[in-house]
Amino acid sequence: MTTTIAYDQLAGLAGTDLGHTEYRTVTQEQVNLFADATDDHQWIHVDPARAKDGPFGAPIAHGFLTLSLAVPFWTELLEVKGVSTKVNYGLDKVRFPAPVKVGSRVRMRATIAEVTEVRGGFQIVVDQTIEVDGEAKPAVVARGLYRFYA
């Protein structure tokens with residue numbers, strides 16, 4: 001469910017639990033396209049036959065592919081009205097605790113940890129966890145930094 005707020009309400013969002021997104025299935029096609037885009041064709045990602053006998057029992061998504069899903073997930077969680085520009089400012093404390101096997105379903109859970117005023121706008125720090133359906137450990141744990149300008 002998307003939280004929708006006005007720009008002038010950003011300052012009061014610290015501590016807000018945004019809940020979680022819908023699940024998305026990670027496909028072999030996505031993994032292959034990411035491998036092409038990043039020139040990372042390691043067999044654990046792109047060779048399903050070999051990966052079946054590898055350490056994870058199946059091909060796995062690149063950690064950075066899973067992390068990149070934070071972009072579309074983020075748009076499911078928060079919409080800020082009255083902004084001229086939104087900027088993905090960066091990440092802190094990124095970890096990949098568990099692999100994502102091809103065919104797995106993932107979603108993101110997020111909580112706004114901090115809101116600070118920056119020149120001309122606000123920066124929010126978001127604790128983001130990308131969860132794998134049916135798995136105890138998350139695939140990604142990161143702090144996202146986003147800026148919003150009126």
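Author: In what follows, Ala, Val, Leu, Ile, Met, Phe, Trp, Tyr, Cys and Pro count as nonpolar, Asp, Glu, Lys and Arg as charged, and the others, Gly among them, as polar. The structure discussed is a predicted model.

Reader: How many nonpolar, polar and charged residues does the lining of the largest pocket have?

Author: The lining consists of Val71, Trp74, Thr75, Leu78, Glu79, Val80, Lys86, Val87, Asn88, Tyr146, Arg147 and Phe148. Two or more of the lining residues come from each of helix 5 (70–77), strand 4 (78–81), strand 5 (85–95) and strand 8 (140–149). Sorted by class, the lining has 7 nonpolar, 2 polar and 3 charged residues.

Reader: What volume does the largest pocket have?

Author: Rolling a probe the size of a water molecule over the atoms shows where empty space is left. For the largest pocket, the volume is about 200 Å³.

Reader: With which side chain does the side chain of Arg143 make a polar contact?

Author: Arg143 belongs to strand 8. Beyond four places in sequence, Arg143 touches Gly90, Leu91, Asp92, Lys93, Ala113, Glu114, Val125, Val126 and Asp127. The polar contact, at 2.5 Å, is made with the side chain of Asp127.

Reader: Which residue of strand 6 is the bridge partner of Gly19?

Author: In strand 6, the partner of Gly19 is Ala110.

Reader: Which residue in strand 6 stands opposite Arg24?

Author: Strand 3, residues 24–25, is joined to strand 6 by 2 bridges, and the two run antiparallel. Opposite Arg24 stands Val106.

Reader: Why is Arg107 classed as buried rather than exposed?

Author: Arg107 lies in strand 6. Leaving aside neighbours within four places in sequence, Arg107 is in contact with His20, Thr21, Glu22, Tyr23, Phe73, Thr129, Ile130 and Glu131, and a polar contact of 3.2 Å joins the side chains of Arg107 and His20. A residue counts as buried under 20% relative accessible area. Arg107 is therefore classed as buried, because its relative accessible area is 15%.

Notes: Residues numbered from 1 in each chain as written. Predicted model: local features only at pLDDT ≥ 70, side-chain atom pairs only at ≥ 80, totals over all residues. Heavy atoms only, no water. 1 Å grid on protein atoms, 1.4 Å probe; cavity = no way out; pocket = protein on both sides within 12 Å on 5 of 7 lines; lining within 4 Å. Points joined across faces, edges and corners; volume = space filled by probe spheres on them. Helix = DSSP H or I, 4+ residues; strand = E, 2+ residues; numbered from the N terminus. Polar contact = N/O pair within 3.5 Å; in protein donor to acceptor, adjacent residues only side chain to side chain. Contact = heavy atoms within 4.5 Å. Pairing = 2+ DSSP bridges. Buried < 20%, exposed > 50% of the residue type's maximum accessible area, 1.4 Å probe, protein only.
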